[in-house]
Amino acid sequence: MLSEERRRELDRLLDGDLSDEDRVKIQASLESDPEAIDWLADRALLHSNLRRTMRRRGTETRTQTKPYPSPRRPVVARSRSHSWMAVAAMIVVVLGIVFLLRPTSGQTFATLEETRSALWESGELSTADGSRLGPGTLRLVEGLATLRFDSGAEVILEAPANLTLVDAMNCELSKGTMVSDIPDSAHGFRIKTPSADVVDHGTRFAVSVHESTGETHTQVMEGLVQVEYAASEKVVELKTGQRNTVAGQHLGVATEGVDQEPRTVPIMPLDYGPGWILIPTVKDAYTGRVRSHESEILLYLKNTHVNENTDRVSYLGFDLANLGSTKIEDAELLLHFAPTGWGLASHLPDAEFSVFGLVGNVPEWDESILYGEFPGKPNAIHLGSFTVPQGVQKGRFQIRSEALAQFLRQHSGSEISLKVVRDTQATEGGDLVHGFASRRHPFLPAPTLAIRLSDK
Amino acid sequence: MTDASELEARQRLAHLWVEGEPAVRAFVFASVSSFADAEDVVQKVALTVARRFDEYDPERSFEAWALWLAKSRVIDHYRVSGREKLVFSEQLMNQFADSLIARHSEQSARAVALETCVEKLPDKSRRLLELRYEDGASAEAMAETLHSTAGSVRVTLHRVRNLLAECIQTELRKEAQC
């Protein structure tokens, strides 16, 4: 049985009511006193439960006398009339997590974790990597920025974008695109846009706002999100794989098709001068699959060191029949990358991609290989490589090489097959899946060969 | 990790964290005395656990692993002020963690019982708890508010906790009889 004096001493330890010296002395004495350790464990659980209980009770008392500042988010404000005995203990704990993850001290509630190729317009917040952020507006002109809210919400902002930070659970996106990854601790994370409020009840989703019209596009990669129409009480729920557009007076419906990413910037048409001909693919597809992560319109690329089945490799077929024996002077392969919405950019460094020409005994293939396997393993000649910087997920990338021109010369008059692979492996699992437009993409150009022919 | 297994892992993590968080909280609250600081540290532990979840070996106790990560965050907290010596030693840490883990199965029942027991306290005792736990007041500050002395406040607070601990034991026994 512990002495009363010993118990008081341990209570003072919990209360931080001891000098550093006494604290060290008591901690040392505990090592040979298992009974005291057990008592302290009991008491520490009581101590931490009391903090939670008393704070919750305090919040309730305040709710009864005046409205809670954020009535649309009644996470903590529960009426006392709910019998706590009846409420599963797990809920007590979960509410506690939500409660304690709210900012408790200081003005800041988010961290600017990382930026890639970022260019900022002046604003009231610091834009150095690692900066702690409080309320204010970030204006990202170019590149990507990853923010982590103290609630646990992680968002990647894609330029051009303006984001106003309100607190650890609320922000306002007035233009641009934001990809959010929301853990359970940030359940209820709210993104306000000019036309709608997007409330997360799940895990991963993307929101784009068109500055000129205020249109809001939402797509859910995983989980459940609510879109609340700003002009009325109407709400649309989006589940995994669904998307929605709110425009003007219209709250759109939930439609399937997460991979059709909204157009966030206008795409310049391909424009090559006289002397060049442009040849789009006649067939294209990618192999490898993660169920429910497929795309019909983007060709995926991924190279994992963990699981070969999830590697994605793209194949492009071009018909050079009309080229005949014309002299090819110069050649370029153009690919238009777009975000796939899958995987984390931060888990992948600058990524190098290689393009190969298939030679020798090339098997017949068609687009039915999509998500499957390529029939056979023909030899491949390296035609060129390009690098996509970390965090960059869209834009035009190309190879322009003598090897490519040489390959085309050798195969002019016939069909050719190219293979595109990502050489760079992830530093961590769950890394970014890259994607570029296939010939089925609604507005981005198909993979295209630009060929300059000799005028002689 | 594949994209599909990531969701699964996240769900597993959410479940384990709900189970393991009370022990982490108790450990951090025993190690860091300011409530606001302790809550910040628990939050950092939660983020570390989430970030490093792929390192967790499911064969082992999640609480033990989370407590091990919690210790590093507590050390970080004290490092700022050069007071790392205040962190529990490895040995004490292990003993304390074992003791917390042994209480795991009772934890949710204790949290529920506490609600009932706080309700049963005399108003004056509850007021003291409000000052200490809601406002985070020190013994001196509480004494000033209550026109008392720090020594007397410490004794009263200690007794109120004893009452609560007894009440919780009674409630748990009632529960066991049902």
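Predicted model: local features only at pLDDT ≥ 70, side-chain atom pairs only at ≥ 80, totals over all residues.
Local features need pLDDT of at least 70, side-chain atom pairs count only at pLDDT 80 or more, and totals for chains, interfaces and linings use all residues. Residues are numbered from 1 along each chain as written, chains are lettered from A in the order written, and side-chain values use heavy atoms, without hydrogens or water.

**View 1. A:Arg148 sits in strand β3 (residues 136-149) of chain A.** Strands are DSSP runs of E, at least two residues, numbered from the N terminus. A:Arg148 counts as buried because its relative accessibility is 13%; the cut-off is under 20% relative accessible area, with a 1.4 Å probe and protein chains only. Its side chain makes a polar contact with the side chain of A:Glu154, at 2.6 Å. A polar contact is a pair of N or O atoms within 3.5 Å, one able to donate a hydrogen and the other to accept it; residues adjacent in sequence count only if both atoms are side-chain atoms.

**View 2. Helix α3 of chain B spans residues 62-79.** Helices are DSSP runs of H or I, at least four residues. This one has 18 residues and reaches 26 Å from first C-alpha to last. Its buried residues include B:Phe62, B:Trp65 and B:Tyr78. B:Ser61 caps the N-terminal end, with a side-chain oxygen 3.3 Å from the backbone nitrogen of B:Glu63.

**View 3. Twelve salt bridges link chain A and chain B.** Each pairs a side-chain nitrogen of Lys or Arg with a carboxyl oxygen of Asp or Glu within 4 Å. One of them joins B:Arg161 to A:Asp15, with the closest N and O atoms 2.7 Å apart.

Notes
Buried < 20%, exposed > 50% of the residue type's maximum accessible area, 1.4 Å probe, protein only. Expected span 1.5 Å × (residues − 1).
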